[in-house]
Amino acid sequence: MIKIFFRLQLVQLRSAMEYRADFWIAAVGAILQQLVSIVFLVTFFGHVSSLGGWTLWQILVLQGLVMAADGLREMFTDGAWQLRADVNSGSFDRVLVRPVPPVVQQFTALASIHGVGNAGLGVVVLIIGLAHSGVQWAWWSVPLLVLTVLCGAILTTAISLLTNMIAFWEPSAQSAFPTLIALMRDFAKFPLDIYGAGIRFVVTVLLPYGLISYFPSRLVLGVGDAPGWWAVTPVIAAAGSSLVASLVWRKGLNRYQGVGN
């Protein structure tokens, strides 16, 4: 199944790259969009030395982890964002009669070129942040960072699918709800210490974006007291969100009746 997934996604990526000008415009546009927040951050730290005890370079590590994870999601599973349109138009019927799991087809329905820019910039920002943060490297540091990015991509994919599955219950082609939830991942680009208890609860438990940035970063950067089990927080976030998304997906499929009913 993994082989089929990557073959389908490769077709989408090749199709998108057929138009070279659009490809580069989308990739550069995504980079410029993310650079705006980086420029703001650098400007902000021109007036303060730290934020919640974190330096500019340490916060860039958080930013890089979130951007790289979301970039991978955009590249490989952005089709989840097409679910509402497919359900609303009835084209989702075709997904159900093909001999490939519907969720695989939905994920591979779209490959966003924005992801190339976001993932590439995220990795660059992550490396720059790590290089200036005085990290005491251990054998597990790089594997943990790679695991965090991969689990982050799974988490953001699961949340994107969950929020867009609202189409099974409210089949409107337009809804601001998925976008609202997706934007909350920006909270994870900053240390959770600066937020109140309510936001920390949301970003740690309900939408655990903090588990794929803040907690593993504290271990790698050596910020404060960080227990060793925080290394598995990205796995917990990815596994938990995937399980919930899988259960809700089955409920949604059972509820779907097609445009003829």
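Predicted model: local features only at pLDDT ≥ 70, side-chain atom pairs only at ≥ 80, totals over all residues.
**Entry 1. Helix 2 against helix 7**

I looked up how helix 2 (20-44) and helix 7 (114-131) lie against each other. Their axes come within 7 Å and cross at roughly 40 degrees. The two helices are therefore oblique to each other, since an angle under 35 degrees would be needed to count as roughly parallel. I noted the crossing of helix 2 with helix 7 as right-handed.

I then listed the residues that meet. Helix 2 brings Phe23, Ala26, Ala27, Ala30, Ile31, Gln34, Leu35 and Ile38, and helix 7 brings His114, Val116, Gly117, Asn118, Leu121 and Val125. By class I have 10 nonpolar and 4 polar residues in this contact, and no charged ones.

**Entry 2. Helix 3 against helix 11**

Next I took helix 3 (residues 56-77) and helix 11 (residues 214-221), whose axes come within 10 Å and cross at roughly 135 degrees. This pair is therefore oblique as well, because only angles over 145 count as roughly antiparallel. The crossing of helix 3 and helix 11 is right-handed.

On the helix 3 side I found Gln58, Val61, Leu62 and Leu65, which meet Tyr214, Ser217 and Leu221 in helix 11. The residues of this contact divide into 5 nonpolar and 2 polar, with no charged residue.

**Entry 3. Nonpolar cores**

Which residues touch the most other members of the largest nonpolar core? I found Trp54, Leu130, Tyr209 and Leu221, in a core of 41 residues. Two or more residues of this core come from each of helix 2, helix 3, helix 7, helix 8 (141-164) and helix 11. Helix 3 gives the most, with 9 residues.

Apart from neighbours within four places in sequence, Leu130 is in contact with Val61, Val135, Trp137, Leu145, Val220 and Leu221. I also recorded a second, separate core of 15 residues, with Phe5, Val87, Val95 and Ala167 among them.

**Entry 4. Phe187**

Where is the place of Phe187? I found Phe187 in the loop between helix 9 (177-183) and helix 10 (197-206).

Setting aside neighbours within four places in sequence, I have Phe187 in contact with Leu192, Tyr195, Ile199 and Val203. I also checked Phe187 against Gln63: they are 124 residues apart in sequence, and their C-alpha atoms are 9.9 Å apart in space.

Terms used:
Residues numbered from 1 in each chain as written. Heavy atoms only, no water. Axes fitted to C-alpha atoms, helices over the stretch in contact; angles between N-to-C directions. Helix = DSSP H or I, 4+ residues; strand = E, 2+ residues; numbered from the N terminus. Parallel < 35°, antiparallel > 145°, perpendicular 65-115°, else oblique. Left-handed = near helix turned anticlockwise from the far one by under 90°. Contact = heavy atoms within 4.5 Å. Nonpolar A, V, L, I, M, F, W, Y, C, P; charged D, E, K, R; others polar. Core = buried A, V, L, I, M, F, W, Y, C linked by side-chain atoms within 4.5 Å. Buried < 20%, exposed > 50% of the residue type's maximum accessible area, 1.4 Å probe, protein only.
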